[in-house]
Amino acid sequence: MKQLKKNIKKYKPIYLFYLRIIGIWIRLKIFLFGEKRLCSKEYSTFHEVSPNLKDPKGLNEKIVWLKLNYYKKYFQTCSDKFLVRQFIKKRHPEYADKLVPLIKVYKRTKDFRWDDLTYPCIIKASNGSGQNLIINNKNEYSDSEIRYELKRMKILANNLAVSSCEHQYLTRNAFLVVEKLLEDANGNIPNDYKFFYFNGSLEFIYCSVDRRGINVRQIYDKDWNRLEFMWVQHAEEFYDEYSKSDNIPVPKHYSEMLKVSNEIAKDFPFVRVDFYDTEESYYIGEITLHHGGGNDSFYPEKYDLYYGDKLRLPDQNRKPWGGLIK
């Protein structure tokens, strides 16, 4: 066991170097072939067909079109897990107290200090998607282990930002955000409610229950009628499991979350506004502009076109980088 730990420690720097090389390779591919070709190839990997970006019809195609062709300066602020606090305080100051309590924010991994933390907490790369680390107490990681994990999180988040061509996540040096870990009465992560808006109109709410346990996902309309489809990678594989699960009750603070998300959604043609609901209150989780990068699957598949028809695309205001090799 001691030898195994030594080997792991020995190869950690090599692994970080490998991740950085991957990031360089992704940037090189975009430079040579362009964003459109890279996104189209990624889309075809998940959907087994190339997207029609000249005249997109399905919702997933339209999401890819949006991330390539439409951008506003405030997109980076609202999408960053630290800067979103400035966005909410500036545009919707009445809801600033509904942000998840912030414990600490770091610009550099070397600035991390155990004494800054209160437990339990969660550390996030501010431009990441899933690059999170839950810490329950100071003894879970040694100083070298925690610094390695933080470096790995930032590199993975930066690589994902580049490969997805989502410009709101591109930043030279993302923040490491430490937030209070929200928990329900049973010590579990509270239910996660994702409100999807098309041109300012709420179309459905994607619910995730007990993400560290049974991890049930269901979708409801604004009147809390259950909708019989899934929108996730490998949706067909999960559909039977989720369709047989019990209904999720209306969240306690649903009306308040609905009011907040209605206001936030006015700034975007398509947006997902996330909330956590606890017994005491609700909290704004994050704002997402391109759910799944357009790579999640609908099941039944007809809902891709059904919801795609509901989304009106804005006028193009940017051109994707074309690359050197045509």
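Let me start with a word we'll need: a contact here means heavy atoms within 4.5 Å. With that in hand, residues 24 or more positions apart account for 67% of this protein's contacts with a separation of 6 or more.

Hello everyone, a quick word on the ground rules. What we have is a predicted model, where local features need pLDDT of at least 70 and side-chain atom pairs count only at pLDDT 80 or more, while totals for chains, interfaces and linings use all residues. Residues are numbered from 1 along each chain as its sequence is written, and side-chain values use heavy atoms, leaving out hydrogens and water.

Now the overall picture. The protein has 9 helices and 12 strands; these are DSSP runs numbered from the N terminus, helices being H or I with at least four residues and strands E with at least two. The C-alpha trace spans about 55 × 55 × 45 Å along its principal axes. Of the 326 residues, 50% count as buried, meaning under 20% relative accessible area with a 1.4 Å probe, protein chains only.

Two strands pair if DSSP finds at least two bridges between them.

Is β5 mostly covered or uncovered? Covered: 7 of its 7 residues are buried. In a regular strand, side chains alternate between the two faces of the sheet. Here D192, K194, F196 and F198 point one way, and Y193, F195 and Y197 the other.

On one side, β5 joins β6 through 7 bridges, running antiparallel, with D192 partnered by S208 in β6. The two form a hairpin with 2 residues between them, and N199 in the turn has a positive phi of about 50°. β5 also pairs with β10 in the antiparallel sense, over 7 bridges, and there Y197 stands opposite V271.

Moving along, β6 (residues 201-209) pairs with β7 (residues 216-220), antiparallel, over 5 bridges. In that pairing, I205 stands opposite Y220.
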